Every structure is written in C-alpha cells, then in structure tokens.
Amino acid sequence: MIRGIRPLLRGSTYSGVLFAYCGALASLPLLPFALLPALSWRSAPESVQIVLVLLVWAVLVGVVGLARPVRRALVVSARRLLRVPLPNPVAGRRTSGSPGLDRWRTPLWLVLHVAVGWTGALASGVLFIMGLSLPGNWLGGEARASLFGTSVRVSGGWSWVVAAVCILLAVAVCVLVTKALRWSAPRLLGPSAAERLALAAERELLLAERNRIAHELHDSIGHTLTAATIQAAVAGEVLSADPAAARAAMRSIEESTRAALEDLDYVLGVLREEQSGTAPARTLADLPELLDRLRHAGAVVEPELSGDFTQVQGTLSRAAYRILQEGLTNALRHGAGGPIEVRVAAGPDGLDLTVVNRTGARTGPGPGAFPTSGHGLPGLAERVRLLHGEFQAGPDGTQHWRLTVRLPVRVSA
C-alpha cells in the first residue's frame, strides 16, 4: 500500500487523475440524450433501463471520437497530462491497411477514458468521504458504513483504522486509474499502422538526406582542411627560401577554402530548411583543378586519363569526382610521400577509377598524422554500392595502398 502512495506524490499522477475526471465530466452533456430511450420505455425493468442508458451513452461518446479534431485534442492533452510520448496525428492521411480498426481506435479510447474516469471518480470519492467521516464518531458514537446494500457497523477506535484503510484504497484507485490510462493511450491514441509506415518513410527520407549531407561534408570539408593544412606547412617551409612558392600555396588555400565555404553554405541551408540555392556541382570536369590543389600542397600527382568523359554525366560524374577527392585526401593524410597515381578510364560500359599511393611514415612537410573519423572508406563503399558499382581498397604489396572503383555507365543520371 505504501508503494501505491509514492506515485501519487508525482505530478504525473495528479495530472493523470485530473485528466480522467475531466473526461468523465466532459461526457455529462450527452447524458440527457442517453436518457431519452429509457424515458420512452418506462415499462422496461429498471436494470434494463440502466443498461440501455449506459449503452446509448457509450455510443454517443464514441461518435464524438470519430471527429479528427477530437483525436488531435486527445493526443495533445494525453501527452501533457499523462506524460505519454505520443506523436502528433499525421494530417491528411487516411489509413490503408485496416481502415475499419484504425477508425474506431479513437472512439474506443474515448469510451474507455470516460468509463475509467467515472469509475475512478465514484470509487475514490466514496472512499475519501468514508475516510473523512468515520473518525468523527470516535468519542463513543457509532458509525455505519453502507455500500451496495451491505451495512457494516464501525465503533470506537476501529473507526480510525477503517478510515485509514479507506484513504489508502482511494489513493490506490487514483494510481490505478492513471496507470490504466497511461497503458492504453499509446495503444489507442498512438499512430495507426498506416501512419507508422508514413512516419517511417519520412524518417527514412530524412536519414537519407542527412547521410548524403554527411558524405558531402566529409568529402568537401575534409579534403579542403587536409589540403589547406599541408599547403600551410609547405608555405611555412619555403617562405624564406622561395617566396613565390609560398604565395602560390597561400593562393591555393584561398581557392580551396572558398570552394569549401560554398559547399558549407549549401549544407547549412539544407539543415535549416532554407532556400540555399543550387548545390555546388563538382564533376569530372573539375578534376584538373583538384589535381592542381594537390600539387600546390607539395604532392606529386601522376594522372592517367583516358576515354571520352563527355559520356559520363550527372550523378555518375559527380560521384566519380567525390570518390577521387576522398581517395586523394586519404593519400595526403596517410601517404608516405612519393608520387600519387591517379587513373581515370571511361569506357563504353563503365568508368574505372584508381588511386595508388605509398604507405608508411610521412617524409614531406606537414603533420605526421591526421585525425580520422573512420567513415571515409565505409562512406565510399556505400556510395559505390548505391550506384551498383564495384569497390576495392587495401594494401597493394608492402609499400602501396590501392583504391579501385568501377562504376557502370548505364546508371541513369
């Protein structure tokens, strides 16, 4: 019984009891309409009239629950007073899997709400009144407790014991009423099967968009920061001996960071759900600029380009650029100096991309190691998989690392 008292001290139980009693009181305006059939059938037994009134009352309450605004109001009030995490109803969507069952979930909740509210109000009210009135006769009088035709005499000090039991039972009724409503609210007021599918589809689209944005940030910003760091180190090394080379490195930093700011501005606009303009479209046509930035960073790049790149358009060209950008960024981060081989071959059936670099300790200028999130290669593999391509990455002998990707040209842009 002590455990039943503790939850009452919480605000959720107080508000839950208030929610139940308000539901019971809200059904009172429908009671006169429920009395009409019983009044027109006066010859029926009293028990039949009572059952008839309750059935008509329940039907009227259920009909009110068919209105969609009623459901929205119930969801909001249950979320605030019962402290139940209920999502807002999906507006403008009709259920498709089991429309009959889903349609009657809200009326069933409303009938249950009213029934539990009246049961809890009557039971707790009677128990509280008994608990408060019985101790008044402790000076020698006699009290009689009557309930449903059963009468019990209470006298002397026993009145205090019975009063305490009545108060505890009233508290237990309040707790049970709140628990019953909290248990049934997610099942009857929660999203229907069709709404859950709609919410899952919306969440899937949101996650896909966030995943795409994460790829864009990782590829663009990660590459820019890596290249800028190395270029700054190169500029610092040759600032006194070769000012022209230092100025060239600084110009390269300015160009790469300006491009990264464009990408970042677009991504932030998407995250804020603003009109951020057209996304910067880097394609294979921008590959020479990318290779020049690497050369300014002090890297030796050996490109081998073959085939007709004009047949590589749209999504495939953009994906190929990002794949090469990530591969070259990894070569800058983890390579040991030496030439970086870049091969791009466009054939009639596919596009082959290869990046090969030496592995080991860095020997050139700049930091010896770069922090990494570990998402680069998995992100590349996922991007290639979505394009139905082939992906391989790993050691090539004892001193080289090879990234090989083949993308089918037949993928639509």
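Student: What does D396 count as, and at what relative accessibility?
Tutor: At 31% relative accessibility, D396 counts as partly exposed. Buried stands for under 20% relative accessible area, exposed for over 50%, and partly exposed for the range in between, with a 1.4 Å probe and protein chains only. The model is predicted, with local features needing pLDDT of at least 70 and side-chain atom pairs counting only at pLDDT 80 or more, while totals for chains, interfaces and linings use all residues. Residues are numbered from 1 along each chain as its sequence is written, and side-chain values use heavy atoms, with hydrogens and water left out.

Student: Which side chain does D396 meet in a salt bridge?
Tutor: D396 meets R402, and the N to O distance is 2.9 Å. A salt bridge here is a side-chain nitrogen of Lys or Arg within 4 Å of a carboxyl oxygen of Asp or Glu. R402 is also partly exposed, at 29% relative accessibility.

Student: Why would such side chains pair up?
Tutor: Side chains of opposite charge can pair when their charged atoms come close.

Student: How many salt bridges does the count come to?
Tutor: The count is five salt bridges. One of them joins D292 and R295 at 3.0 Å, N to O. Both residues lie in helix α11 (residues 287–296), three residues apart, which is about one turn of the helix. D292 is partly exposed at 36%, and R295 is partly exposed at 37%.

Student: Which residues are linked in a network of salt bridges?
Tutor: E304, E341 and R343 are linked in that way. Within this group, the side chains of R343 and E341 meet at 2.9 Å, N to O. R343 has a relative accessibility of 29% and counts as partly exposed, as does E341 with 25%.

Student: Changing topic, how many disulfides are there?
Tutor: The structure holds zero disulfides. The rule asks for a pair of cysteine sulfur atoms within 2.5 Å. As for individual cysteines, C22 is partly exposed at 40%, whereas C174 is buried at 7%.

Student: How many helices and strands does the chain have?
Tutor: The protein chain has 13 helices and seven strands. These are DSSP runs numbered from the N terminus: helices are H or I with at least four residues, and strands are E with at least two. The chain has 413 residues, of which 38% count as buried.

Student: Which residues touch the most other members of the largest nonpolar core?
Tutor: They are L324, L328, V342, L351, L353 and L407, in a core of 32 residues. The elements giving two or more residues to this core are α11, α12 (314–334), β4 (339–346), β5 (350–358), α13 (376–386) and β7 (400–408). Helix α12 gives the most, with nine residues. A nonpolar core is a set of buried Ala, Val, Leu, Ile, Met, Phe, Trp, Tyr and Cys residues joined through side-chain atoms within 4.5 Å.

Student: And what is L353 in contact with, leaving aside its neighbours within four places in sequence?
Tutor: L353 is in contact with A320, I323, L324, R343, V344, L403, T404, V405 and L407. Contact refers to heavy atoms within 4.5 Å.

Student: Which residues does the second core include?
Tutor: This separate core has 28 residues, and A38, V61, L74 and L127 are among them.

Student: What about the surface: which residues form a nonpolar patch there?
Tutor: F33, L35, L36 and L39 form one, with about 390 Å² of accessible area together. Patches are made of residues with over 30% relative accessible area and no salt bridge; like charges are joined within 9 Å, and nonpolar side chains (Val, Leu, Ile, Met, Phe, Trp, Tyr) within 5 Å. Accessible areas come from the Shrake-Rupley method with a 1.4 Å probe, and for residues only the protein chains shown count as cover. L35 lies in helix α3 (residues 31–40) and is partly exposed at 35%.
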